[in-house]
Amino acid sequence: MKKLVLSLFLFLYWGLSLTHAQSKNITGKVIADNDGLPIPGVSVLIKGTKKATVTGADGKFTISASPGDILQLSYIGFITQDVPVGNQAVLNVKLITDAQTLSEVTVTTALGIKRKPKEIGYATQQVTGKALTSSRPTNLATGLSGKVAGLQISQANNQIDAGDQVRVVLRGNRSFQGNNQALLVLDGIIVPLNQLNSINPNDIESVNILKGANAAALYGSDAANGVMIVSTKRGSADGGSVSYTNSTLMNRLSYFPKMQTEFGGGTTQDDFGFGQYTPFENQTFGDRFDGSLRPVGRILQDGTYQMVPYTYKDGEKESFFETGIDEQNDISYSGGNENGTTYINVQRVNSKGYVPGDKSNRTAFRINGTRKIGKFLADYSFNYTQRNYDKSTNQVYNNVINTPGNIPLTEYSDLDSKYGNPNDFYNDYYISPYFGLKQYRNKERRDDLLGNLSLTYKPVDWLSLMARGGLSTKNSQGKDFNYAYTYSDFAHDSGKGVAATQYNRSSVRDYNEFESRYTGDFLATATKTFNQFKFTLIGGAQVIQKNYKYITAQGNNLVVDNLFNLSNRTGEIVGSELERNSRQLAVFGDLTATYNDFLTVHVSGRNEWDSRLNSNNRVFFYPAVDIAATLTDVIPALKESKVISNLKLRGGISKVSAVQVDPYKLISTINPASGFPYGNTAGYTVDNQINDPNLKPENTLSKELGFDIGFLNNRITLETSVYLQNTKNQQIVNGIDLSASTGFTTAVINTGESENKGFEFSLNAAPVIGLSNGFRWNVGINYSYNTNKVLGLYGDLSQLGLGDNNYVVLGQSFPSLQVSTYQTDPQGRVIVDANTGLPIASPINKDFGQTNPNHILGVNTSFTFKNFTLSGVAEYRSGNVFYSGMASTLDFSGISYTSAQAGRERFIYPNSVIQTSPGVFVPNTNVTTIQGNGSFWSDGIRTNTASNYVSSAAFWKIRELSLAYQVPAQWLGAHASFIKNASIALVGRNLFMFRPSDNIYTDPEINVGTGNAQGVNNLNQTPPTRIYGFTATIGF
Amino acid sequence: MKKKLIYILAALVFSLGACKKGYLDINENPNSPTAVKPALILTGALNNTAASTTGSSIFYSFAALWMNYWMTPGGVSGWYEERSYNFTTNWSGSTTLWANIYDNLTDYAYLEKQSKASGQTFFVGVAKTMKAWDYQYLVDFYGNVPYTQANQSVNFLNPKYDKAQDIYEDLVKQLDTATNLFKTATVAPADAAADIYAHGDLQKWGEFANTLKLRILLRQSEMPGREAYIKAEIAKISANGFGYIETDGGMFNNPGYLNTTGKQNPFWSVYGYGVDGTRTASHGYMLASTYGMDFLKNNNDPRLGKFYNTINDGAGSTYVSLVWGQEVNFDQTISTVSSIGEGVLKSFDQDQPIMTDFESLFIQAEAAQRGWIAGDARAYYEAAVKANFLYLGLTAAEADTYLTDQSVANWDANADKMALIIKQKWAAMNGTNDIEPWTDYRRLELPADMPISIASTVTTRKIPVRMLYPQREYNTNAANVIAQGTINQFTSRIFWDVQ
């Protein structure tokens, strides 16, 4: 492969050198007429040829041209200028601004329809492929964080497959239990959001975000959550070019929770309540470190002990984690002519995780193209991605973090060593984390195919007919490996907890997941202009079919150790199968009427048929209307203003009906009862979920208003929106919680109403400061405020559980965190038992407020000088809380910082009261807790009370930081003219994070899942990381 | 042209929607059935009853400790609630029993409804009997619970709580109806096969229903002014002619337990051995309690070697126990302390007792002693002890010797017959049903010398008198559960617990 690339380069070099020999070099600088600042990125083309270049950051360019050639200089927002080449070697040009051309910029809206910004009556925001990939994320969603107002991206985990664990929400939550995540549209075709990680970010031309529900008429109900329209690159029509990019990024553990460093391993206490050292304990309730030499672990077979100084071993746990590496290599070709274009990209990502032994790779191949055949235009894109993962499934973080501080953990990395081998590993109750990594593993291969083909026919110039077919398939095949291990007789007989079962036999699980989605579109677009009116009418029809299948089979107690095949088992195969199929049909119409190029009214409607509901409820219609008026086009005072260059008002209202449930959710099922079948004996049990056969769609009514204003030739722009969304007839997809005494635990019904509202703005200054020497400072600020409220639930129900301690509570914002707590007096002081001094558990959970942030602020900035660009993205979120389930485990094990705060002695519970008679509370000044050591910190009264572990989820993160250097075109021209452009950059992601002082645990973004329930973690996720590295791109 | 096109398009799409009506009719569940024959539910429900009551780990995890049968060893964190009696609404004892039993009741409600519709009256009788079984436990654990509005799905999303005594009285009526059905029902062979307890034996079901009713009535023995009611109800039992469970009778569950994960006898799978023959974790967590072991040890009771194992010291005759609630050292593990014996841990496919003959005989002994049923209390008592010996794999002769020679067992040697019956019932029920002895203790304060945990975490030196309502009720049925007032595990007694 490398050789092939090299020879390709040589070939190109030869070709380019020939043309080079006939001309001379002309250099120049392009500045703007209004502010005199250099303009980077101006296209400089020799008319009638394909020879072209662009200006650098300082506005300078170099091109080889002959006298008599005409240079055509063009740039968005400026009038294109032709400059004849004479004998001069230096050619400086001043470009004239053109408000008219600026308005010709188009935005890709629903179904790939391009529209002028002034015609759009709802909020959109565009992120270019370049901005997206400036810090080289491997997942495109993480590259959007902080760049779009109202967009919340949450990375739930950091293990090797973290790219699949991203939550994407626009404008907060509407549906209680249904999907609130944005719709992903790739080249006009809806693809499941779980395909995000199979799209190569480097293939992306732009991502356009439709924040509201107004595109739903064209995309269907999923668009109620907003849409991410991803357009991949097409080849350029002028010749061919090849570029190669390498990015090497490292990720390292950034921090652990705060831990105590005073006490070592132990669980028992002496008669005075002081901790006693136990050499083989997993808990850390021993006595205070004293530096003495002490045994670690049980006595070895040779009668000796490992002797280790009884001190805190700094950095041992941190050193368990390695430096992960992501290496991305991309090679792409872009080319074409007036009859068609081609874009090809091949990417390979090799990753090594920061959890030792975890690795993955991704190979992505994309070919996009366009072809003109007579009156037909064909456009196709085809993407194949294969990913392979090899990761540990052991709860390794738990094992590592809970290791007592006196243990020299990294000494045990060699599983054949004297103290590191599983028989003699010091811990009686948990296996060595190094052993865990080896024993429990998962391998998975995913094959994703995304493709679409559209044919457009223009019988007459005002009418275009398009037929398009698209497919996305996801096929995962995986295998869980649990390796066998036989403990030595000595270890087994010693009473060592983990060796209680001497012979741990191997087991295997195989699974296969297949998901596909076929979409067929037919679209007729008619555009006609009558006097001052311009009409665009779209009529269309859509067919969608979704199929899903999951099969798993597990074999336990494998006969031949570590031969991972289902046939090699004893006992029955444990397996299951799940299938889901659904179909949707829709017809829609969409009319845009523009008057005099300043007022646009846009009306749309969609009628949908959905197989998931019964025949009485499955046909439904929903409409939308929006209006945009560009006042700068009509009000003379504005038109002539030198300050205000653009003022657009917009407003829209839309209704969307959505089916949120999976197929087959209209009738309760009856399933094989636990344990059945016993041989030939079958037994069934009624499922715990009841269903409403007359389930109706969930309806969301969205209203939004906003304005866009541009100052000083749109050097400063402000885009704002306010919105209000009411969702009624909520489909409670997982079921509302019922009392078990109803006979069921959940019910899938339509019930409840929510209100979701907020505002957002996006302020951009480009540049804030621009100097004639090429220095530019750009700033973009994206801010959103979102809040929601539960207006109704069901009957007398006051709340609805979402799982993971998240609840939807009547009259409050949702989801809110409710966890177990202590009884408190009316002033909120904890009531303790008068005899034991122990807090008393309350049967009523405490509500801590919402788990979604109210405020999200993203700040983007870049400084460009000469050929250097320094850019960064920071993000702030606040207004939410989170529960660190992990912290409960840390208290249990005694490694937590908090557990040593009272010196491991009995203490007066802070701010506590004693109830002397009903309703009378006196401050507790003298009753200490009956225990102060492990029997307080690790017992239920502490660890089961989750309110001890709730903290603010606010944070500031430096999401991205990059320093890029563009090799000057002049230099390349002189020294390596076969290279068109070259750049290198140092990049970093999540380098810094700032948290409130009460959050001593972890990154609040880390979460147990990517569903609606947020703000809860445990030790199944791995700790936060910092990512940094470099990237280099060469274009030929 | 434009209009024409739109017409064509519209016609095309509507024809797709209209004439291809079947195109969208693909919502039939390919994964699970939505209706099955009652017989399949019966089999599943009976097996679940065994797995969520007498065979469930939750039936033993606290009561076996409180009744001083078993004790947790050193090196095992937790057991805070069990050892201290200080539990909350989130504790598994409070939550699991409620959830599992109501879940099981859903199946019996479905069974009763479907069988009534199909005219399978045998199943209706079984459903009523098993509902009484489940509800008696719910009342005994929680007192007032949802009954009249329970298990009616969306009809009552917040079922109100009924008075415990009202429920008890209705259960008695339901059991009368059940025995009437058993008298008249005919059992099709397929239905008999689905009955994994009694294989369609109506006499057995009649005996079981009667014994259950007697147990329900006897529970109210200490309530003042209740005797007339109890006697009148017992008269109805006598009238139906089925009698009670006698020696060699009893209800047992066995769906055909297999030595496969998840398919072993539920008690065995928790406290016994894994599929590969290695002992389970819980086997090592439940070791002999001193009070329970000493009663056997000190009275030359051959059941000692059946309820408990000898320790692993090579001698094969050393029995070691732990005092309830004591601080334990790390070397006090299954290697050095006796564990659960093979008299109750027989095999992976052992029958799971629902109600044993010896439990029934002890109940009858008590009823006879009170003069409420005919027959000789002594005969019932001695038959009960004998039946227990036989269940454990001992001989009738050994039982006779024990009953004759040991003062703790000899009928004549004990003046307080009630104390004798209940103490021996407590001794016999070890490892087959630990809830009934706890309930007897709550009702009669017998055995009177039952030790209290000596753990330092004990703050109220008293064995709890009930479970707390589960936290989920406070979350999902708040108004109704709060209407039951403040519940305390030491003072909020069940209605029949009047002492």
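The model is predicted, and local features need pLDDT of at least 70, side-chain atom pairs count only at pLDDT 80 or more, and totals for chains, interfaces and linings use all residues. Residues are numbered from 1 along each chain as its sequence is written, chains are lettered from A and ligands numbered from 1 in the order in which they are written, and side-chain values use heavy atoms, with hydrogens and water left out.

The size of an interface is often given as the accessible area lost when the parts come together. Between chain A and chain B the buried area (the accessible area, for a 1.4 Å probe, that two parts lose on being put together, summed over both) is about 6,900 Å². Carbon and sulfur atoms give 62% of this area. Contact, defined as heavy atoms within 4.5 Å, involves 90 residues of chain A and 79 residues of chain B. On the chain A side, Tyr664(A), Tyr678(A) and Ser741(A) supply 10% of the area buried against chain B, more than any other three residues.

Domain bounds were taken from an automatic or database domain assignment. For chain A the assignment gives domain 1 (2-99), domain 2 (107-239 + 954-1035) and domain 3 (821-840 + 884-952). The centres of domain 1 of chain A and domain 2 of chain A, taken over C-alpha atoms, are separated by 32 Å. Six residues from domain 1 of chain A and five residues from domain 2 of chain A take part in the contact. These two domains of chain A bury about 720 Å² between them, with 67% from carbon and sulfur atoms.

In chain B, the assignment gives domain 1 (33-69 + 88-244 + 464-499) and domain 2 (356-433). Their centres, again over C-alpha atoms, lie 26 Å apart. In this pair, 17 residues of domain 1 of chain B are in contact with 16 residues of domain 2 of chain B. The area buried between them is about 1,500 Å², 64% of it on carbon and sulfur atoms. Within domain 1 of chain B, the most area is lost to domain 2 of chain B by Tyr60(B), Tyr69(B) and Leu218(B), which together account for 37% of what that side buries.

The unreviewed UniProt entry places the feature "domain: TonB-dependent receptor plug" at residues 118-227 of chain A; UniProt positions are given in the numbering used here, feature names are shortened, and annotations may be inferred rather than shown by experiment. Over residues 118-227 of chain A, the chain is 7% helix and 27% strand, and the end C-alpha atoms are 19 Å apart. Helices (H or I, at least four residues) and strands (E, at least two) are DSSP runs, numbered from the N terminus.

A cavity is a set of points, on a 1 Å grid over the protein atoms alone, where a 1.4 Å probe fits but cannot get out, and lining residues have an atom within 4 Å of a point. Grid points are joined across faces, edges and corners, and a volume is the space filled by probe spheres set on the points. The count comes to 15 cavities of 30 Å³ or more. The largest cavity has a volume of about 120 Å³. Its lining has 16 residues, of which Gln152(A), Thr851(A), Asn880(A), Pro1004(A) and Glu1005(A) lie nearest the centre. Two or more lining residues come from each of β11 (151-155) and β50 (881-884) of chain A. By class, the lining of the largest cavity has six nonpolar, eight polar and two charged residues, where Ala, Val, Leu, Ile, Met, Phe, Trp, Tyr, Cys and Pro count as nonpolar, Asp, Glu, Lys and Arg as charged, and the others, Gly among them, as polar.

The second largest cavity holds about 110 Å³ of space. It is lined by 14 residues, the closest to its centre being Asn179(A), Ala224(A), Asn225(A), Ala658(A) and Gln660(A). At least two lining residues are supplied by each of β33 (644-658) and β37 (698-711) of chain A.

Most residues other than glycine have a negative phi, and most peptide bonds are trans. The peptide bond from Phe676(A) to Pro677(A) is cis, with omega near 0°, and Pro677(A) is in the loop between β34 (670-672) and β35 (684-686) of chain A. Asn714(A), although not a glycine, has a positive phi of about 60°.

Definitions and conventions: 1 Å grid on protein atoms, 1.4 Å probe; cavity = no way out; pocket = protein on both sides within 12 Å on 5 of 7 lines; lining within 4 Å.
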